[in-house]
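Colleague: Could you walk me through this structure? I would like to take it slowly, one topic after another.

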Amino acid sequence: NDYDGQISIEIRGSSSQMFPKKQYAIETQENDGNNNNVSILGLPPENDWILYAPYSDKSLIRNYLAYKLARDMGRYSSRTRFCELLVNGDYKGLYILMEKIKRDDNRIDISKLEPDETSGDDLTGGYIIKIDKWNGENNDGWFSDLPDEPNTGFYYLYHYPKPDEIVLEQEEYIRAYISDFESILLSEDYDDSVQGYYRYIDIGSFIDVSIVSEISKNVDAYRLSAYMYKNKSSLDSVLHMGPIWDYNLAFGNADYYNGWDINGWQVENQIPENDNFRIPFWWKIIWNDQKFRELYYQRWETLRQTVFSVDSIYNAIDSTVSLIGEAQERNFQRWPILGQYVWPNAFIGGNYLSEINYLKSWIFDRIQWMDQQFLEIKDVNTLTLSYSLKDPFPNPFNPVTNLGYTLSRDEIVDVSIYDVSGNFVSNIFKGIQIEGYNSVLWDATNYQRQKVSSGVYFFVINVGNLKQSKKIILLK
């Protein structure tokens with residue numbers, strides 16, 4: 001046993017509860033019932049865990065694969081371990097031990113928000129919000145709907161702080177922040193380089209979550225199990241999309257909402273009016289923003305050379321199938337469903353190998369379709385990027401210095417300060433800047449209520465997929 005001790009355990013899931021193979025949530029506990037933070041199977045210590053039960057996904061690996069792709073892209077997603085589960089001596093089959101989505105240093109690393117933090121910078125973070133079904137215990141949040149357009153609504157739910165722990169001032173803050181974001185997107189100036197929606201969100205995280213959703217064509221993408229988080233404004237002032245969650249109805253494993261079809265963008269899918277769970281209206285506005293699409297294509301081109309190369313994905317699948325080889329055989333002896341329809345299968349293979357071959361061929365065809373869409377765009381838009389970075393002036397400085405740079409076109413720019421040890425100090429600017437000469441200032445006078453001492457620091461500038469730095473010296 002990797003862990004031998006007390007747990008609490010419950011059946012979890014929504015539609016998956018119809019299946020005989022159940023999912024479980026477990027909490028590792030001390031003998032007195034208090035949380036017991038432990039490392040299980042090499043995962044960072046915590047007390048909340050998920051035992052995910054792949055059932056309708058007869059490849060057994062769709063969730064595992066999606067989370068791995070997200071981590072390989074540089075994004076946090078739930079770490080996973082395959083295991084075989086017995087409950088009171090009853091063999092339950094192949095499971096995946098997963099981290100539950102939580103705020104902590106090893107998961108979503110944002111500020112802890114206490115009930116008494118109700119003003120100033122303390123109030124601005126951290127929050128985790130999800131767009132999801134309004135069911136289960138301890139759920140609360142609010143409903144959002146497009147003005148004058150029925151059947152467009154969706155739910156925002158409080159995830160952290162929990163609904164029974166979040167206080168009124170915190171509810172009002174995060175609801176107002178997201179309401180302002182929605183209002184900007186409904187305005188004529190939504191794509192303004194200074195006042196537009198760019199200043200509310202981390203656009204890179206929105207792009208990466210969308211790319212994973214589209215390459216997998218997850219039928220729940222954007223509208224269910226969709227997480228967002230926000231840190232304190234002094235540390236990071238914008239809303240981030242992610243982490244991804246629940247990708248078992250993806251990669252061709254759904255016979256509804258065109259989930260089987262390698263063609264078409266999932267974000268443009270028309271969800272029927274009788275489905276209460278909608279794609280947020282703002283996703284389609286962002287999707288149709290030219291700047292967003294250009295950055296999206298740049299990111300796709302980069303990933304196709306690495307994480308999303310067909311060889312890389314096939315190697316990930318093959319190594320995973322090899323890892324679980326004997327376990328998957330025992331799993332299908334326990335649950336003899338190969339060759340049978342299990343909701344909502346779009347493909348029914350006669351054996352496990354045919355399920356894996358379908359998964360690989362579907363991914364190959366989907367990537368080819370996406371490549372073709374981007375090639376057509378490239379015929380119209382030049383996606384190459386160049387910029388020149390000036391030397392900071394003055395340097396050495398006290399207390400203000402200036403970094404200048406020239407952009408070859410309008411671009412999203414992110415400028416931060418780091419100390420000589422590589423520790424993050426502050427974000428100076430994040431947003432759209434126009435073609436031509438631009439500059440940012442850093443005032444090191446007790447910056448953001450933190451004393452900044454003399455020493456060596458670095459401007460670090462990110463433009464698109466390019467990163468550069470310039471050394472500066474603060475003399476006090």
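Modeller: Let us begin with a term we will need: a salt bridge is a side-chain nitrogen of Lys or Arg within 4 Å of a carboxyl oxygen of Asp or Glu. Please keep in mind that this is a predicted model. By that rule, the side chains of D202 and R75 meet in a salt bridge, with 4.0 Å from N to O.

Colleague: Where do D202 and R75 lie?

Modeller: D202 lies in the loop between α2 and α3, while R75 lies in the loop between α1 (62-72) and β4 (80-87), so the pair ties together parts that are 127 residues apart in sequence. D202 is buried, with a relative accessible area of 11%, whereas R75 counts as partly exposed at 30% relative accessibility.

Colleague: And which residues are linked with R75 and D202 in a network of salt bridges?

Modeller: The network links R75 and D202 with D208, D236, R299, D414 and K430.

Colleague: How many salt bridges does the count come to?

Modeller: The count comes to 27 salt bridges. One of them is between R334 and D90, whose closest N and O atoms are 3.8 Å apart. R334 lies in helix α7 and D90 in strand β5 (residues 90-99), so this pair ties together parts that are 244 residues apart in sequence. R334 counts as partly exposed at 28% relative accessibility, and D90 counts as partly exposed at 32%.

Colleague: What about R223 and D275, are they buried or exposed?

Modeller: Both R223 and D275 are buried, and their side chains meet in a salt bridge of 3.3 Å, N to O. R223 lies in the loop between α3 and β9 and D275 in the loop between β10 and α4, so the pair ties together parts that are 52 residues apart in sequence.

Colleague: Okay, new topic: which residues touch the most other members in the largest nonpolar core?

Modeller: The largest nonpolar core has 111 residues, and those that touch the most other members are Y197, W282, F292 and F308. Helix α8 gives the most to this core, with 10 residues. Apart from it lies another core of 19 residues, among them F397, L403, V415 and W442. As a general background, nonpolar side chains tend to be buried together in soluble globular proteins.

Colleague: Let me follow up on W282: what is W282 in contact with?

Modeller: Leaving aside its neighbours within four places in sequence, W282 is in contact with I131, F154, Y156, F181, E182, L185, F206, M228 and M241. Two of these residues also face each other across a pair of strands, as I131 stands opposite Y156 in β8.

Colleague: Which strands are joined to β8 by bridges?

Modeller: Four bridges join strand β6 (residues 127-131) to β8, and the two run antiparallel. Strand β7 (residues 141-144) is also joined to β8 by four bridges, again antiparallel, and there the bridge partner of F143 is Y155. Six of the seven residues of β8 (residues 154-160) are buried, so this strand is largely enclosed by the rest of the structure.

Colleague: What kind of peptide bond leads from Y160 to P161?

Modeller: That peptide bond is cis, with omega near -10°, and P161 is found in the loop between β8 and α2 (168-185). A cis peptide bond also joins G242 and P243, where omega is about 0°, and P243 lies in the loop between β10 and α4.

Colleague: Which residues here have a positive phi without being glycine?

Modeller: Examples include L41, with a positive phi of about 55°, and K217, with phi near 50°. L41 lies in the loop between β2 (23-29) and β3 (48-52) and is partly exposed, with a relative accessible area of 34%. K217 has its place in the loop between α3 (203-216) and β9 (226-230), and at 2% relative accessibility K217 counts as buried.

Colleague: Last one: which residues make the nonpolar surface patch?

Modeller: The patch, of about 400 Å², is made by M18, Y341, W343 and I348. Y341 lies in the loop between α7 (325-334) and α8 (352-378), and Y341 is partly exposed, with a relative accessible area of 43%.

Definitions and conventions. Residues are numbered from 1 along each chain as its sequence is written. This is a predicted model: local features need pLDDT of at least 70, side-chain atom pairs count only at pLDDT 80 or more; totals for chains, interfaces and linings use all residues. Side-chain values use heavy atoms; hydrogens and water are left out. Patches are made of residues with over 30% relative accessible area and no salt bridge: like charges are joined within 9 Å, nonpolar side chains (Val, Leu, Ile, Met, Phe, Trp, Tyr) within 5 Å. Accessible areas come from the Shrake-Rupley method with a 1.4 Å probe; for residues, only the protein chains shown count as cover. Buried means under 20% relative accessible area, exposed over 50%, partly exposed in between (1.4 Å probe, protein chains only). A nonpolar core is a set of buried Ala, Val, Leu, Ile, Met, Phe, Trp, Tyr and Cys residues joined through side-chain atoms within 4.5 Å. Contact means heavy atoms within 4.5 Å. Two strands pair if DSSP finds at least two bridges between them.
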